[in-house]
Amino acid sequence: MSLFWIVFSQLAEIEAMALSKKVITKEEWEKKLNDVKIRKEDMNKLVMNFLVTEGYVDAAEKFRMESGTEPDIDLATITDRMAVKKAVQCGNVEDAIEKVNDLNPEILDTNPQLFFHLQQQRLIELIRNGKVEEALEFAQEELAPRGEENQSFLEELEKTVALLAFEDASSCPVGELLDISQRLKTASEVNAAILMSQSHEKDPKLPSLLKMLIWAQNQLDEKAAYPRINDLSTAKLEDPPV
């Protein structure tokens, strides 16, 4: 048999498989969904997990009173954690470090990478504010010794100090370090460390479940035509293609 016919027969087989996809109507799909029983308590815990992890303390307290769902950590600690996060987001890194140490000194003592990133953020803020001499002194005294002990820290320090070589730091190849996104990245790292020190997941469960939904739908797409959720914000079922 020629190569052409082999390829042709394989393509024909693939096409036949595609055409033989199972079609599930919206009515059938909704019936299957309704047959799945999910306890309200589990849904409430999922909501509370999201509110606590993301730091919505007022909403968490209100939800606790309305649903009777107890959070797995003291809600008062959320306020402290959010104060740390806000301090970093506003560029008040020294204040953030002090607040972290007030919460739990072991967080920074046992996480040299986090402490370095906070110190790096302090350096970035000095550069942002045009305090060149102070920035150089801080880099030499506080960050350089850590860079000597860790190659990764040294590379990050060199990138940060490179901002000083440009009159307009924002035009520097590593100018993104001055973006607000860098503050948010550091704040997120601190937030995760505090959560883990409180024996709590660093990420909420809800986004992970949504990612799992997307993955499952992509897998199912290969085998069936079914009512899909294309807009996660509405969770509306779209009629399957025919």
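These legends describe close-up views of a predicted model.

View 1. Helix α6 spans residues 93-103. Val 93, Ala 96, Ile 97 and Val 100 are buried. Seen down the axis of α6, these buried residues fall within an arc of 100°, so they line one face of the helix. On the other side of α6, Glu 94, Glu 98 and Asp 102 are exposed. The cover over the buried residues of α6 includes α5 (75-89), α7 (106-109), α8 (112-128) and α11 (180-197).

**View 2. A nonpolar surface patch.** Leu 206, Leu 209, Leu 210, Met 212, Ile 214 and Leu 232 make a patch of about 480 Å². Leu 206 sits in helix α12 (residues 205-221). Its relative accessible area is 31%, so Leu 206 is partly exposed.

View 3. The side chains of Lys 31 and Asp 35 meet at 3.5 Å, N to O. Both residues belong to α2 (residues 26-35), 4 residues apart, which means a separation of about one helical turn. Lys 31 is exposed, at 55% relative accessible area.

View 4. Glu 61 and Arg 64 form a salt bridge of 2.6 Å, N to O. They lie 3 residues apart in α4 (residues 57-67), about one turn of the helix. Glu 61 is partly exposed at 28%, and Arg 64 is partly exposed at 24%. A network of salt bridges links Glu 61, Arg 64 and Glu 70.

**View 5. The salt bridge between Arg 228 and Asp 221.** The two side chains meet at 2.9 Å, N to O. Asp 221 is partly exposed, with a relative accessible area of 25%. The structure holds 10 salt bridges.

Methods: Residues numbered from 1 in each chain as written. Predicted model: local features only at pLDDT ≥ 70, side-chain atom pairs only at ≥ 80, totals over all residues. Heavy atoms only, no water. Buried < 20%, exposed > 50% of the residue type's maximum accessible area, 1.4 Å probe, protein only. Helix = DSSP H or I, 4+ residues; strand = E, 2+ residues; numbered from the N terminus. Arc of directions from axis to C-beta. Contact = heavy atoms within 4.5 Å. Patch = residues over 30% accessible without salt bridge, like charges linked within 9 Å, V, L, I, M, F, W, Y side chains within 5 Å. Areas by Shrake-Rupley, 256 points an atom, 1.4 Å probe, with all protein chains shown as cover. Salt bridge = Lys/Arg side-chain N within 4 Å of Asp/Glu carboxyl O.
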